[in-house]
Amino acid sequence: SIDAALPGQVNSLSGNIRSRLLVFSYSDRDPGRYYIYDTQKRSLAEQLTIRPEIVQERMAETRMIRYEARDKMRIPAYLTKPPGVATNKPPLVVLVHGGPYFVRDFWGFNPEVQFLASRGYAVLQPQFRGSGGFGDRLFRAGWKVWGLSMQDDLTDGIQYLAQQGVIDASRVCIMGASYGGYAALIGLAKDPDLYRCGIDMAGVSDIRLMYSIGWSDFADSLWADFGMKELIGDPEILAAQFAATSPIEQARKIKAPVLLAYATDDYRVPIAHGEKMRDALKAAGKSFEWHTFSGEGHGLMLSANRFSFYRLVESFLATNLNAIP
């Protein structure tokens, strides 16, 4: 009854089936609304709207897709195309989630995705191997392959969209935070001709630093002693691999401009990651922007800093993606 009354929405129910239910209803273009459903009267009454200023008709549609990676593994992803864009081939932002393990993106209203789409960019959110929620095979395929097949999944997603004629493959930017920041950095080095720019927020700049920086919030923990070695790899056994997949070590291969943003009080990915990447880019003569946010941790919590960061992103993307080569 509720799905019939609220079509095209995800409707989550809680309460007493014999009296009244609380309904939370949301979609890719609707941040969500709360209703009370009276099961005796079969009546549905709206109680609260989240972000009532959002006009659904102006928001972009997000749909789930699947594509084949080069080894034939099926990769789930979310694709959002900008609303009301005249061209059929908009520029693309590959938005890489953090984690990377046990983490995934979800279908629903995503403010960051809607922001990018509102500026005219298509957004691809690949659920690359190692992501959670899509089965054990996809999850385990991401063990010990940072910068390798995990990265290839992103590249293969871009190539799939290009082959489908969905995007302008000559105007692609890679963006992410935490692990997503690492993926942005190593992607620029591994596939330097694929990207016009990269945006790294609080990204790991060298896997080895995760094991050696003693003031991170997971130093001397069971995760560092056992979990990291099992999922990411042993830094002694995989020393050569870690060097080959280190954005710092591979900075000389980067061609596209990079936006680096780090917080001064981040204990998950300490600012040393960003400073070392900044210095490596500078030494290699690369184009980059360096921005820091005081008093923030692993993620921007203060509204003023969020506005500042996304204004930087907006300007950076406009400069590097909007010009047609």
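Me: Which residues of H4 are buried?
Reply: In this predicted model, the buried residues of H4 are Met150, Gln151, Asp152, Asp153, Leu154, Thr155, Asp156, Gly157, Ile158 and Leu161. Buried means under 20% relative accessible area, exposed means over 50%, and partly exposed is in between, with a 1.4 Å probe and protein chains only. Helices (H or I, at least four residues) and strands (E, at least two) are DSSP runs, numbered from the N terminus.

Me: How far apart are the end C-alpha atoms of H4?
Reply: They are 20 Å apart. That agrees with the 21 Å that the 15 residues of H4 (residues 149-163) should span at 1.5 Å a residue. The expected span is 1.5 Å times one less than the number of residues. Just after H4, glycine 165 takes a positive phi of about 75°.

Me: And H9, what covers its buried residues?
Reply: The cover includes helix H5 (179-190), helix H6 (207-212), strand S11 (258-263) and strand S12 (288-293). The buried residues of H9 are Ala272, His273, Gly274, Met277, Ala280 and Leu281. H9 has 12 residues, 272-283, and reaches 16 Å from its first C-alpha to its last, close to the 16 Å expected. Just after H9, glycine 285 has a positive phi of about 75°.

Me: Is each of them buried or exposed?
Reply: Phenylalanine 102 is exposed, with a relative accessible area of 62%. Serine 178 is buried, at 15%.

Me: Where is the cis peptide bond that involves proline 100?
Reply: It runs from glycine 99 to proline 100, with omega near -5°. Proline 100 lies in the loop between S7 and H2.

Me: New topic, the core. Which residues touch the most other members of the largest one?
Reply: Leu92 and Trp146 do, in a core of 57 residues. The largest share of this core, 8 residues, comes from H5. A nonpolar core is a set of buried Ala, Val, Leu, Ile, Met, Phe, Trp, Tyr and Cys residues joined through side-chain atoms within 4.5 Å. A second, separate core of 22 residues includes Val93, Leu95, Val123 and Cys197.

Me: What is leucine 92 in contact with?
Reply: Leaving aside its neighbours within four places in sequence, leucine 92 is in contact with Ala122, Val123, Leu124, Ile158, Leu161, Ile167, Arg171, Val172, Cys173 and Leu321.

Me: Where is tyrosine 121?
Reply: Tyrosine 121 is in the loop between helix H2 (111-118) and strand S8 (122-126). It counts as buried because its relative accessibility is 3%. Beyond neighbours within four places in sequence, its contacts include Thr80, Pro82, Pro91 and Val93. Its C-alpha is 9.2 Å from that of isoleucine 167, 46 residues apart along the chain.

Me: And tyrosine 267, buried or partly exposed?
Reply: Tyrosine 267 is partly exposed, at 49% relative accessibility. It lies in the loop between S11 and H9. Leaving aside neighbours within four places in sequence, it is in contact with Trp215, Ser216 and Asp217.

Conventions:
Residues numbered from 1 in each chain as written. Predicted model: local features only at pLDDT ≥ 70, side-chain atom pairs only at ≥ 80, totals over all residues. Heavy atoms only, no water. Contact = heavy atoms within 4.5 Å.
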